[in-house]
Amino acid sequence: MTAAANAADHLELGGCDTVELAREFGTPLYVFDEVTLRAQARRARDAFETRWNNSTLLYATKAYFSPFLADLYRDLELGLDVTSEGELEIARRADFDPARIYLHGNNKTHAEIRCALEMNVEHIVVDNPDEIPIIAALAHGLARSPRLLIRLSPDIDPHTHRYLTTGVADSKFGLGVANGEAERGYRAIARHSNLQVVGLHLHIGSQIFEVQAIVHALERALDLAADWRDRFGFELQELDIGGGWGVAYTPEQQSIPVDDLAENLCAALRAGLDTRALSPKVKLLLEPGRALIARAAVSLYRVGSIKTISAERTYASVDGGMGDNIRPALYGARYTARLANTFNAPTARAYAIAGRYCEQGDVLIDSIKLPTLERGDLLALPNAGAYQLPMASNYNLIPRPAVVLVRAGQARLLRRRETIDDMLACDLNPA
């Protein structure tokens, strides 16, 4: 939101010159803008709270999580959707209210469940039948009575990439509705006196631009809640309809306006509860990750080798790539880019932006028109805040990048650049 070209025609973020940031902190570099982070979270939170009194946004930490973000989202009164001991530990150190933390995972370990219960995390989302007796046993040993949500697989196709689709019948996530697996899970939980089913959960995928797909999934969850009420006396207290809201990465795409999304989903929920004579006091939970954080960061790369293959194909290689952003190689994610050191220079020719890693598939952008590039130029890729750093690797034993936060002309280092010693610290060489 604070991006601009300064008097030197350099890209400026949060009042900081990106050329100077790259000089001070090196590249690749991830730059987060605090104004954007806070504004995106407040906008989404308020969009739902003004339309549904009992609603909570759970930030999906898998998008990217750090101590700074835990503090920020705690202060903004969001909750957390976590899936590991590491994410739980960041929340614990930030004194995050455990009542606002929900534990997820399709293959939770004993250690993760125990850690959550020891932290007094009240809510666990059940994803597989065999975790139910484990939760019950660990909860009994710790004298806890967790509140459970059953994750449903509603067999809804949101028409996104198949690796981003999580609510179809053939998915590793959730308990099937049509095949009776969800009901068997409910019956299994009912056999344990220290467990209570308080809600249903669904998440049908990521990069969803068809709001109606979420509405259809919501309707199936409400149908199931009404059926279980009539047959088992089940009371739907909480309904978590996930996240996955579509975010624009290129000029051809358009992000889903969060106010429109909230209006449509809350209207559908209100009507659906009324039609089925379900309680209108249901707590509405949402799990945005990318929608809150993607736009808040820009990745900066230094241009290196430039290789012309043909009249139609010239590779400009940068000093990062699939090691810090696996998304293009993993599922064909598309990006745009600008030249940060001459921001308004006219475009001259098309380039493929290649990474430095030893894979032919390590190409960040297949084709983009840019000004004539030279070695040493600084390239900026927007919408770099989600699913890049958390999936970063040390492929080719290359250290992972630094992260800085900018605001009002000040830059603050959030994560130092990894070193070779950091990468080798866990390796042993027994004689």
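This note comments on backbone geometry, aromatic contacts, salt bridges and one surface patch in a predicted model.

1. Basis of the values. The model is predicted: local features need pLDDT of at least 70, side-chain atom pairs count only at pLDDT 80 or more, and totals for chains, interfaces and linings use all residues. Residues are numbered from 1 along each chain as its sequence is written, and side-chain values use heavy atoms, with hydrogens and water left out.

2. Cis peptide bond. Thr27 and Pro28 are joined by a cis peptide bond, with omega about -5°. Pro28 belongs to the loop between helix H1 (18-25) and strand E4 (29-33). Helices (H or I, at least four residues) and strands (E, at least two) are DSSP runs, numbered from the N terminus.

3. Positive phi values. Most residues other than glycine have a negative phi, and most peptide bonds are trans. Glu77 has a positive phi, near 65°, and is placed in the loop between helix H3 (67-75) and strand E6 (79-82). Its relative accessible area is 55%, so Glu77 is exposed; the classes are buried (under 20% relative accessible area), exposed (over 50%) and partly exposed (in between), with a 1.4 Å probe and protein chains only. Asn396 also has a positive phi, near 60°. Asn396 is located in the loop between strand E19 (378-381) and strand E20 (402-407), and its relative accessibility of 34% makes it partly exposed.

4. Nonpolar surface patch. Leu397, Ile420 and Leu424 make a nonpolar surface patch of about 300 Å². Patches are made of residues with over 30% relative accessible area and no salt bridge; like charges are joined within 9 Å, and nonpolar side chains (Val, Leu, Ile, Met, Phe, Trp, Tyr) within 5 Å. Accessible areas come from the Shrake-Rupley method with a 1.4 Å probe, and for residues only the protein chains shown count as cover. Leu397 sits in the loop between E19 and E20 and is exposed, at a relative accessible area of 55%.

5. Aromatic pairs. A pair of aromatic rings is described by the distance of the centres and the angle of the planes. Rings of Phe, Tyr and Trp (its six-membered ring) pair if their centres lie within 6.5 Å; planes under 30 degrees apart count as stacked, over 60 as edge-to-face and the rest as tilted. The count by this rule is nine aromatic pairs. Among them, Phe32 and Tyr64 are stacked, at 5.5 Å centre to centre and 20° between the planes. This pair links distant parts of the chain, 32 residues apart: Phe32 is in strand E4, and Tyr64 is in the loop between strand E5 (55-60) and H3. Phe32 is buried at 2% relative accessible area, and Tyr64 is buried at 10%.

6. Phe48 and Trp245 form a stacked pair, with 5.7 Å between centres and 25° between the planes. Phe48 lies in helix H2 (residues 34-49) and Trp245 in the loop between strand E12 (238-240) and helix H9 (258-275), so the pair ties together parts 197 residues apart in sequence. Phe48 and Trp245 are both buried. Elsewhere, Tyr186, Trp228, Phe232 and Phe234 are linked by ring pairs into a cluster.

7. Charges over rings. A charge sits over a ring if NZ of Lys or CZ of Arg is within 6 Å of the ring centre and within 35 degrees of the ring normal. Arg327 lies over the face of Tyr249, 4.5 Å from the ring centre. The charged end of Arg338 is placed over the ring of Phe343, at 3.9 Å from its centre.

8. Salt bridges. The whole structure holds 23 salt bridges, each defined as a side-chain nitrogen of Lys or Arg within 4 Å of a carboxyl oxygen of Asp or Glu. One of them joins Arg45 and Asp46 (3.0 Å, N to O); Arg45 is buried at 16% relative accessibility, whereas Asp46 is partly exposed at 33%. Asp71 and Arg74 also form a salt bridge (3.0 Å, N to O). These two residues are three apart in helix H3, which means a separation of about one helical turn.

9. Arg151 and Asp127 meet in a salt bridge (3.9 Å, N to O). The pair connects distant parts of the chain, 24 residues apart: Arg151 is in strand E9 (residues 147-153), and Asp127 is in the loop between strand E8 (123-126) and helix H6 (132-141). Arg151 and Asp127 are both buried.
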